[in-house]
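Reader: Hey, can you walk me through this one? I'd like to start with the inside and then go on to the strands and helices.
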Amino acid sequence: MINKSYAKWVVPSAALLAAGIGVYGLSSCQKAKAGNAADKPLNIVYIMTDDHTAQMMSCYDTRYAHTPNLDRIARDGVRFTNSFVANSLSGPSRACMLTGKHSHTNGFTDNTLCEEFDNTQPTFPKYLQKAGYQTAAFGKWHLHSLPTGFDRWEVVPDQGDYYNPDFIVESGDTVQVHGYLTDIITDKSLNWLENERDKEKPFCLLIHHKAIHRNWMPDTAHLALYEDKTFPLPSNFYDDYEGRPAAAAQEMSIDKDMDLLYDLKIYSPDRDSRLKERYESYVNRMDPEQRAAWDAFYTPIVEEFDSLKLTGKALAEWKYQRYMRDYLKVVKSLDDNVGRVLDYLEKNDLLDNTLVVYTSDQGFYMGEHGWFDKRFMYEESFHTPLIMRLPAGFDRRGDIEEMVQNIDYAPTFLDIAGVEIPKDIQGVSLLPLLKGEHPDDWRDALYYHFHEYPAEHAVKRHYGVSDLKHKLIHFYNDIDEWELYDLTADPNEMHNIYGKPGTEEVTADMMQKLKKLQEQYDDPVRHQFPIK
């Protein structure tokens, strides 16, 4: 049964096929036998985007996006319907993925510049290297320290630029590359596959995109897309946050906080002369041809906006429509480039021996609660898409409904490569699920902890637990507020029932689950707020 919290996102899939695949032996020399496939190690292609939410993938939700290449991955493999993150923030999420450990354990808890990922610590690419794998990473890194554990890498500084971006290369130099970033990251990845790697060895390739991160600058080739489409407002777009003071305190409202200039490209040189330098800093990387196409598209939009003189709800809803259109245009480039990777693997007879994974560093709000951005443990940002195209010999197809988390990726990659999973990794391998098994002892709840406050968007620090039926959250630091949600009756998380009559039993049960997970993961916050 699909988690009802996501029933609005998830479209029906074909019935699951019979799950048995025979014995899948993983030997000490990292050899994997997959049915009738050749006896050789499996490759891994791990594609991760930034802020791509499940609502905006047509294999999860058909209301908004059309993503045929992402759908190819889900169609030829599996779709996880209950996939979540441990900390809904870019850098920390990447650290969780690399280490298989929660933020308080891997040491990278937030995106502030005082945090730097300890790149000397063990990561799954380092373990794969020791096992004979070639490893490479191209694209976004966002960990404030340089990549380690890779035979080849090129990453963008900080968030990166959509147009004619800089790349930090292995020498430590920064070089500018002409083009659109999503295309360039794919170019570099495919070039490594074709021309740079040793084709006699197994590989693990990380393709990490800036897309679809703010400020959603589309490729000039896609500027006209979605302009004839009007998107329905989420039912809780005008959320009043009653009974939820932490939700009321945020600064990520489309209405109040989405910037006309930065986010929505609304700039008039006559009206906004004092903002010229700021606007030019966003578009000055474009070459003359790119800039001409950009100005030709956005100038009429700015003129129309000026003529409308919108205020109040009309302005908020206009901003929402522009946000949705620009976001989906960036998705289009991303989906096209995923298709390029799949086509290369197929053309070069690599699909049967390669695990292809697609996910995002977290989910994102597309107007739900009136928001953009992420950070909260509420469903839209706690949940993250996860689809996998499986190698030959894996007969599993369709939906996997067990609860999984981004700390599970590292042990999964090690397990599928036949590498022993270190005992200090906190995630669990998903390989049994990919083989069609349903372990009786699979987790029944997930732990979450968001650490970054005070900071951009003003989301309070909080931790919590979810078991798919209920969610318990504690906001702490400069606030002391508990929230409890019935995810079946209230999937949009509008009604905080913590402390309400009749919730005593479920509250006690969720408190014990929270206590158990805090102890299991040794989160020091439990000493500050002990649960009896």
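Author: Buried means under 20% relative accessible area, exposed over 50%, partly exposed in between, with a 1.4 Å probe and protein chains only. This is a predicted model, where local features need pLDDT of at least 70, side-chain atom pairs count only at pLDDT 80 or more, and totals for chains, interfaces and linings use all residues. Residues are numbered from 1 along each chain as its sequence is written, and side-chain values use heavy atoms, with hydrogens and water left out.

Reader: OK, which residues touch the most other members in the largest nonpolar core?
Author: Phe 80, Phe 124, Leu 128 and Met 388 do, in a core of 45 residues. Helix 11 (residues 409-416) gives the most to this core, with 5 residues. Helices here are DSSP runs of H or I with at least four residues, strands are E runs of at least two, and both are numbered from the N terminus.

Reader: And what does Phe 80 touch?
Author: Leaving out residues up to four places away in sequence, Phe 80 touches Tyr 60, Leu 386, Met 388, Ile 400, Val 404, Leu 430, Leu 433 and Leu 434. Contact means heavy atoms within 4.5 Å. Another core, of 43 residues, lies apart from that largest one, and Tyr 162, Ala 211, Val 283 and Met 286 are among its members.

Reader: Switching to the sheet: what order do the strands come in?
Author: The order is 7-6-5-4-8-1-9-10-2-11, an open sheet of 10 strands with mixed pairing. Two strands pair if DSSP finds at least two bridges between them.

Reader: Which strands stand at the edges?
Author: Strand 7 (174-176) and strand 11 (398-400) do; each has a single partner strand, so one side of each is left without a neighbour in the sheet. Strand 6 (residues 166-169) pairs with strand 7 in the antiparallel sense over 3 bridges, and Phe 167 has Val 175 in strand 7 as its bridge partner.

Reader: Now helices. How do helix 1 and helix 9 cross?
Author: The axes of helix 1 (residues 68-75) and helix 9 come within 7 Å and cross at roughly 50°. Axes are lines fitted to C-alpha atoms, for helices over the stretch in contact, with angles from 0 to 180 degrees between N-to-C directions.

Reader: Last one: where is Leu 310?
Author: Leu 310 is in the loop between helix 8 (288-308) and helix 9 (312-347). Not counting residues up to four places away in sequence, Leu 310 touches Leu 315 and Trp 318.

Note on methods
A nonpolar core is a set of buried Ala, Val, Leu, Ile, Met, Phe, Trp, Tyr and Cys residues joined through side-chain atoms within 4.5 Å.
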